[in-house]
Structure formats: C-alpha cells, structure tokens
Amino acid sequence: MSKVTAKAAASNGFKPASRHRQEPATSKPPANPSPAQSPDSAPTGQPKSSSPAKQMTGGWEEVKLDDGRVYYYHRLTRASRWDKPEGAVADAMEQRIQDQERQKQAAVEERRRKREVEKQAKDEEAKARDNLTHSVGEEVKAWAEGKSIHQLLNELDVVFEGAPTPNLLTANSSAPEIKRAYLKAIRFCHPDKIGRDATMKRKLLSQAVFGAVNAAYERRKRVENM
C-alpha cells in the first residue's frame, strides 16, 4: 500500500493489519518457586493445569502443571503445598479435618438442644397458663353465680384483693348508687389498669372479674332501665 493510499485510509478510520502475528494467550503457572528452590513453599490457591488431578488418600490431589512441576492440593481444607504430604503431614491434616468435623457436629447438637429446651419451656408455660386460666375462671364463676350486681359489688374484695368496698348496697339501692359503686369497681379491676409487674393470676382474675361485674350490671340495666 502506497503512502498516499495508507494516509487516505487512515483518515477514514481504517487501520491496516499488523505485520506481526499475535500469539494466543496461554495460562501460566503460579509465580512460586519450584520445589527445588524452596521445598517448604506452597502454591497460591489452586493453579490451573491442563492435566487431570491424581487422587490421593486423605483428600489430597496431585496436580501436574504444564511446565512439569507438581504440587499437592487438599480438597476439603483447600490447602496446597509443593512437597508431597506423607506420614506425619497427612496424619496431621486428617486429624485437623476430624477435629473440625467434631466441632461442627457439637455446634449443631448444641443448637438442637437449645431449641428443644426453649420449646419445652414454652410448652410448659402455655400449659401452666391454660391450667391457671381454667382455675381462675371456675373460681370467679362460683363467686358470681346467682348474684345480682349489688351483691357482687359488696363482695368484690372477696375474690379480688384490695377492691374498694362500697357502702352496703341492697336490692333497693337507687340506680345512681349502683352506678357510682359499679364505676368505682371497674376502674379498679379493669385489665388495662393492672400493672405489668402483676402476677399472671392477678391479670387473669382482673379479666374474669371485670367480665362478671359488667354482665351483672348490664342485666340490672335491662331490668330497671338504668
């Protein structure tokens, strides 16, 4: 190609092919010294090799590099070394693997045990709550059965300790008297008024007593149009 033609081609964005043929890229062995130079050194990672690895005992593989060098790679620990792992070296690696496996199994077993303990504790707590709920329900039911609102208000402190005791109410007490005593009572035993540090029984009693007193008061209202 003449200089004029080449110049014109370059101005149009065309570049002539290089006269030198580029060699294809080839994989190179790791930049580690050979075993002869440093027998205790180890290759970095797992260098590439075009030859299949030779399986050895104890999880080791013998890998031959393209330049003829040989290194040894452990499949589980990913450790690699230039010198052949024999005798004490192989035994130490096997012991290390066994120790790691035992530690792993121990950790799994400990997590399983903790889950079982937590589940058992939750199951026992739920069972205790169910039993206490039934017991409290039966206690309040026996206390409230067959009683009118004025009787429940008079005897509220019998089932719910610390409850206010009104002036003795009777069946002939006026509607305003009943209402004042009722409002005072439910303010005391309302579930939302029970402190967070109260016992479970106290909380369950609050719910049951509040329901019983409310039901009795609603019955009185329907009868007397309070």
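Modeller: Let us begin with a polar contact, that is, a pair of N or O atoms within 3.5 Å; within protein, one must be able to donate a hydrogen and the other to accept it, and residues adjacent in sequence count only if both atoms are side-chain atoms. Here a polar atom of the side chain of Ser 206 lies 2.6 Å from the backbone oxygen of Cys 189. This is a predicted model, in which local features need pLDDT of at least 70 and side-chain atom pairs count only at pLDDT 80 or more, while totals for chains, interfaces and linings use all residues. Residues are numbered from 1 along each chain as its sequence is written, and side-chain values use heavy atoms, with hydrogens and water left out.

Colleague: Where does Ser 206 lie, and is Ser 206 buried or exposed?

Modeller: Helices (H or I, at least four residues) and strands (E, at least two) are DSSP runs, numbered from the N terminus. Ser 206 belongs to helix 6 (residues 200–224). Buried means under 20% relative accessible area, exposed over 50%, and partly exposed in between (1.4 Å probe, protein chains only). Ser 206 has a relative accessible area of 0% and is therefore buried. Contact means heavy atoms within 4.5 Å. Leaving aside neighbours within four places in sequence, Ser 206 is in contact with residues including Phe 160, His 190 and Ile 194.

Colleague: Which residues of helix 5 are buried?

Modeller: In helix 5 (175–189), the buried residues are Ile 178, Ala 181, Tyr 182, Ala 185, Ile 186 and Cys 189. They cover an arc of only 130° around the axis, so they are on the same side of helix 5; the arc is that of the directions from the helix axis to the C-beta atoms. Helix 3, helix 4 and helix 6 are among what covers these buried residues. Arg 180 and Arg 187 are exposed, on the face turned away from the buried side of helix 5.

Colleague: Where is Ser 173 found, and which residues is Ser 173 in contact with beyond four places in sequence?

Modeller: Ser 173 is in the loop between helix 4 (156–159) and helix 5. Its relative accessibility is 10%, so Ser 173 counts as buried. Its side chain reaches the backbone nitrogen of Thr 170 at 2.8 Å. Beyond four places in sequence, Ser 173 is in contact with Ile 178 and Arg 220.

Colleague: In what order do the strands form the sheet?

Modeller: Two strands pair if DSSP finds at least two bridges between them. Four strands form an open sheet in the order 1-2-3-4, with antiparallel pairing. Strand 1 (54–55) and strand 4 are the edge strands, each pairing on one side only. Five bridges join strand 2 (residues 60–64) to strand 3, and Glu 61 has Tyr 73 as its bridge partner in strand 3. Two bridges join strand 3 to strand 4 (residues 80–81). Strand 3 (residues 70–74) is largely enclosed by the rest of the structure, because four of its five residues are buried.

Colleague: Where is confidence lowest, and where is it highest?

Modeller: pLDDT is the predictor's confidence in each residue, from 0 to 100. The lowest mean, 47, belongs to helix 1 (residues 3–11), and the highest, 93, to helix 3 (residues 149–154). The protein chain has a mean pLDDT of 79, and 76% of its residues reach 70 or more.
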